[in-house]
Amino acid sequence: MPLPRPGPEPAPRIRCRVRGQVHGGAQPEVGGAAMLPALSRCRALLGRCRPLPVPARGRKSRHDPPAKSKAGRLKVPPPVDPAELLVVSERYRQYRLVLQALRVEFKQEVLRKQHEERLDRESGEEVMEEHRKLMAWNNAENERLRKKREERLRREEEELQDRKLQGALNHARLMENFLKQKEREVLQLQEEARNFITPENLDERIEECLDNPRNYNFAIDKEGRIVKQSMLS
C-alpha cells in the first residue's frame, strides 16, 4: 500500500506582542504612537522569514527522500543490439553527409547571389541606361500599335456603317417591290371584279349565257386540238 505524500509544512506563525500588552489577560488601551514601533518590528520579522517551497503539480521537492519501493533500485541502461547499433551508425553517417552537402550547396548559392548583387551594383549605371533605352523603345512601340489599332477600329466602323446603309437600301428596295406587287394585284383584282356576277347584273348574265351556249364536253389530242365533241341536247 503506497504511503501518502507529505503535504507542505505550514509556515511558522509569528506572534508579536505590543509593549504594555499583558499575555492572557486584559489588554490596556494603546495609542497610535506606541503601535508604530511594534508594527515595524513585526514587518522586519516577516521579511526575514523565507517561505517553504511548494511542490508544483503535486510532485515531490528535491529534498524529499525516495519512495520505499524505489529505495534499492539501480538504474541500468537498456541493452544495445550490435546489429542495430551498426545500422543506426551508418544511417547517421549518411544523414551527416547529406546535411553537409546541403549546407555546402546553400552556401554556394548564397555566395553566388552575393556575387551577382555586387556585379549588379557595379554595373548599375549601364543597367539603368539600358533600361531607359528599352522603356523608350517600349513607349514608341506602344504608340505605334495604338495608332494602328485606332486606324483599324476606324476602318471597321466605316465598314459597319456601309453595311448598315446597304442593308437599309436593300430593305427599302424590297419594300418598294413589295408595294408594286401588291398594287398590281389590286389592279388585277379590280379588273377581274368587272366580270363578277352581282345582284344587279344577274339577269343580264343569265340571258347572255342562254344566247351563247358553250359545250365543254369534247376531247383533245396531244397538240390541244379538238378531235371529238358531243352535240348539245
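Start by selecting K60, which sits in the loop between α1 (32-48) and α2 (82-122). Helices here are DSSP runs of H or I with at least four residues, strands are runs of E with at least two, and both are numbered from the N terminus. Before you go on, note that this is a predicted model, where local features need pLDDT of at least 70, side-chain atom pairs count only at pLDDT 80 or more, and totals for chains, interfaces and linings use all residues. Residues are numbered from 1 along each chain as its sequence is written, and side-chain values use heavy atoms, with hydrogens and water left out.

K60 has a relative accessible area of 45%, so it counts as partly exposed; buried means under 20%, exposed over 50%, and partly exposed is in between (1.4 Å probe, protein chains only). Patch members have over 30% relative accessible area and no salt bridge, with like charges joined within 9 Å and nonpolar side chains (Val, Leu, Ile, Met, Phe, Trp, Tyr) within 5 Å. A salt bridge would be a side-chain nitrogen of Lys or Arg within 4 Å of a carboxyl oxygen of Asp or Glu.

Zoom out for a moment. The protein has four helices and two strands, in the order α-α-α-α-β-β along the sequence. Of its 233 residues, 2% are buried.

Next, pick R184 in helix α3. Its relative accessibility of 48% makes R184 partly exposed. Show side chains and look for Q181: the R184 and Q181 side chains make a polar contact at 2.4 Å. That term means a pair of N or O atoms within 3.5 Å; within protein, one must be able to donate a hydrogen and the other to accept it, and residues adjacent in sequence count only if both atoms are side-chain atoms.

Move on to N201, in the loop between α3 (124-193) and α4 (202-211). Is N201 buried or exposed? It is buried, because its relative accessibility is 15%. The N201 side chain reaches the backbone oxygen of F196 at 3.2 Å.

Last stop: helix α4. Select I206, which is in this helix and is partly exposed at 44%. D211 belongs to a negative surface patch with D203, E204 and E207.

Definitions and conventions. Areas by Shrake-Rupley, 256 points an atom, 1.4 Å probe, with all protein chains shown as cover. Lys, Arg positive; Asp, Glu negative; His and termini not counted. Charge placed at Lys NZ, Arg CZ, Asp CG, Glu CD.
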